[in-house]
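I opened this model today to look up a few things and jot them down as I went. Here are my notes, in the order I made them.

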Amino acid sequence: MAMEIPAEVRRYWLPILLFTAGFLFQLLVLPRHFPPTHYDVLGIERFAPVERVVEAYERLSKEWLSETNHQPTVDIIKIRYAYELLTNPILKRDYDLYGLDEHMDVLERVKEQYQKEHFLKIDLPLLKDSVVSLTDDAFNLLTHDSFNAAIAEEYPLIILVYSKGSPRCAQFIEYWKQIGTRLDGIAKIAMVEVGDSQLAGHFTEKGFSKQPFFRNGIPAIVAYPANCRSPSCYMRYPGGLYVDSVVDWVATSVVGLPRILYYAKEALGPQFIGKSGHHKVKVIFFSSTGERAAPFLRQAAQEYSSYASFAFVLWSEDESQIWWNSLGVESAPALVFLKGPGTKPVVHHGNFSKSEFTEMMEEHKHQDLQQLRSDTSLELGCDARGHSRAGSDAAIWYCVIIAGRPGVELSKKRQILRKAQDQLIGAVDGSTTGNVDDSIEISSAATAFKDERLTFVWLDGEVQKQICAFYLATDFSGACGPRGFGDDNDKPEIFIVRFQRNATYEALKAEKKNNLVEALQGQHAYASQLVARYKGPDEIQEINRWISQIIRDGDTREIPYFTSKVPDLVPEETNKEWLRSTKNIRSAGKSLKEKISFHFKDYLTDPRIGSTLLMCGCVSLGIIWLRNNKPTQSTRQEKAPKDRTKRPRPKLSTSLFGQPSESIADVEPKDARQWEMSDSDSD
C-alpha cells in the first residue's frame, strides 16, 4: 500500500517546490557558475595591481616553505598559476577586461600530473609565452579611427578579434591567411586587438552581470555585409574555427552566394542533369577532398546562372571506371562541361585559378545548340525587335529553329540539327566531307553561317506555346502546347525564319530622331518575317541543302516588306533564390530573436533567480493560506443577519382550475401531534 501524502503537503505543494528550487539554486547551482577568481586564490581584492599580486604570492610561498606547512600540492599549483597569469601584463589585461583564461587546460594537466608529488618537483614556469606576430601588412589592423572608414567600403568586411598573448590566436593566424586568400575578390579582411577596448568591446556580449565577454572565446570573427554601413549591424560567426567553415559562412550568409551541392553517382543523373534546365550547360567538378566550393566558383554560379548549372562529385577510386566510361574523367580534380544531349563532354584535368576558370566559362557557357528563350533571343539574332549577330548593317538574316516538347524525340532532333550546324562549321573551315557537289549545294548556308547571318536554335514548344503556334500556324498540337493525355502526335518540327529590316523606315526614323514620339515608336519596330517549314527526311545533308536553298532565294528575290505582332517569349527562369541580397540580415544582438532568446546557461549566472524563486514561494504560500481561511470567516459573518431577517410570506399560485394551491402553511409538519376532541362540551 502506497504511503498517503498528507493533506497539508498536497495543499501547499507549490510553495514547497518553489522554496526547494530557490534554496538549491542559491546553494548548488550559482556557486558552480561563480567559481573563485585567481584574485581569491591569492587572497587579494579583484583587479589588484601587479605589485599586490607579487606581495601576496611571496607571503603564501613563505608559508608553504615552512616546516609546519601541510598545504596540498594542488592548492600550491593554483596559487602558482594565478601568480603567473596575473603578473603577465597581456594575460592580466584579457582576464580583467573580458574574463579570458585560455590556459585552464594547462592548470588541469599540471594538477593531475603532480597531485601526488611534492611541490618542489613541479616544472616551472607553468605558462609559456605565446605572442602573436603580425609581420605581414596584409592583415589590415584596424584602430578606432580607421574602423568607420573600413565598414563604409563597397565590399563586405570580415574582422578577426584577437589577443597578442593568446595561444589559440597564434595558431589561427596561418588559417586566417588562407581565409583571406580564398575570400579575395568577394570580401576584405581586417583584425582588431582586444587591447583596443573601445573597439573590441563593441563586439562583446553582456550577461546579467553587465560584464563584457566573448561567448566562444577568442579568436572571434564578425562580419559587416556590403549593405551594412552602421557599426551595430555586424554578424557573429557561430561555428568552429576551420578554414572551410569560415569561408562557407562568409560566402553563403554574408555575401549571399549560392551553394554548389555534392551528388552521388546514383543521384547525378536524375537529380542534377535531369532536373536542371534543358537549356543550361552542365558544369561538374570532381573533388578528391570533399571541400565545399571556393567562393569564386560560387560567384561564377551566380553570374552564369542563366547559362549553366553547377554540381560537385566526390571522387572515389572504386567509381573511377564509371566516370571514365560515362564522362571521360581519369582522375580528380577535374572539370567537365556537358553542352547538350549527344555532345561529347569537355574535360579539363588538374587545378585551375579564378582567371583560368573564367576563360573556360566564357568559352563553354553556351550549348552547342542554344535554346531560344526570353533572355537570349536578341543575343542570338532570333528576335524581330533586334538585329542579326552580324550587326545592325545586315538587312537580311535567318534563324533555323527546331520546336518540340522536351523528351526523347526532341533530343534526337536536336542532335541532328547540331550535326547539321557542325557540318557548316566544317565547310567554313575548309574540312568538307569530300563530296564537291554537296559542298557547293550548302555553300550559301555555310557563307551565311560564317557571316553570322544564320543561327541554329531550339525552342521549348511546351513552355513557348504561343510563339511556337504563331510560327507554325497551327493549334496547340504536335510540337506546340502541353502534352495531352494519350497524345501520340509528339513530333518536333524544323522551320526557318527570314528576318528583313526595313531600310526605308530606318532612314525615316533617323531623319525624325528629334521627334520624341517617333523615337519611342521606333524602339518597338518589328522586322519583317517569313517562315518556311521543313518537310524532308531527318538527314543532315538534306537539311543543309534545304537551308541553303532558302537562303539563296531569300537573298536574291524581291519580297514585299510585311510585319506582324509576334507573341512575347515567356521568361523561363523566375526563381533564383541565391540571388537574394543580404538586405534581410539583421544586426547582431539587435534582432528580435537575440532580444527574447538567451542561452540557458546565462540564466544560471543570474543571482536574482534564487531570490525570485523564494519570493514567489512566499507569495504563493500567503495566497493559499488566505484562500483556505476565508470561507470559514465569511460563513460566520453571514449566519447572523440571515437569522434576524423575517421569513417572507410564500406567494400563492393559481392551479389549473383557478383555485389557490396549497401554501407552505397548510403542509402538516412531520412531528406535529393532533389533539383529540372529547364528546362532552367544555365548561
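**Entry 1**

I looked up Cys468 and Cys480 and found both of them buried. This is a predicted model, so I read every value here as computed. The two residues form a disulfide with their sulfur atoms 2.0 Å apart. I get a torsion of about -70° around the S-S bond of Cys468 and Cys480, so I noted this disulfide as left-handed. Cys468 sits in helix α20, residues 465–472, while Cys480 belongs to the loop between α20 and β14 (493–500), so the pair ties together parts that are 12 residues apart in sequence.

**Entry 1: the other disulfides**

How many disulfides are there by this rule? I count 3. Numbering the bonded cysteines along the chain, I get the pattern 1-2, 3-4, 5-6.

Next I went to Cys382 and Cys399, which a disulfide joins with an S to S distance of 1.9 Å. Their link is right-handed, with 85° about the S-S bond. Cys382 is in the loop between α16 (377–380) and β12 (396–404), and Cys399 is in strand β12, so this pair ties together parts that are 17 residues apart in sequence. Cys382 and Cys399 are both buried.

Then I checked Cys228 and Cys233, where the disulfide has an S to S distance of 1.4 Å. The torsion about the S-S bond of Cys228 and Cys233 is about 85°, so I put it down as right-handed. Are these two buried or exposed? Cys228 is buried, at a relative accessible area of 4%, and Cys233 also counts as buried, at 12%.

Cys618 is in no disulfide either. I noted Cys616 as partly exposed, with a relative accessible area of 34%. Cys618 is partly exposed too, with a relative accessible area of 47%.

**Entry 2: a four-stranded sheet**

I traced an open sheet of 4 strands, ordered β2-β1-β5-β6, with mixed pairing. Its edge strands are β2 (188–193) and β6 (235–236), each of which pairs on one side only. I followed β5, residues 220–224, across to β6 and found antiparallel pairing over 2 bridges. Which residue of β6 is the bridge partner of Ala223? I found Met235 there.

**Entry 3: the cores**

The largest nonpolar core has 50 residues, and among those with the most contacts inside it are Leu142, Trp176, Phe203, Ile221 and Tyr224. At least two of its residues come from each of α8 (144–151), β1 (157–162), α9 (167–182), β2, α10 (197–200), β5 and α11 (243–254). Helix α11 gives the largest share of this core, 7 residues.

Leaving aside neighbours within four places in sequence, I listed its contacts, including Ile158, Ile159, Leu160, Phe172 and Trp176. Met235, the bridge partner of Ala223, is one of the contacts of Ile221 as well. Further entries on that list are Val246 and Trp249.

Apart from this core lies another one, of 27 residues, and I wrote down Trp64, Ile76, Leu85 and Leu86 among them.

Key. Residues numbered from 1 in each chain as written. Predicted model: local features only at pLDDT ≥ 70, side-chain atom pairs only at ≥ 80, totals over all residues. Heavy atoms only, no water. Pairing = 2+ DSSP bridges. Core = buried A, V, L, I, M, F, W, Y, C linked by side-chain atoms within 4.5 Å. Buried < 20%, exposed > 50% of the residue type's maximum accessible area, 1.4 Å probe, protein only. Contact = heavy atoms within 4.5 Å. Disulfide = S-S within 2.5 Å.
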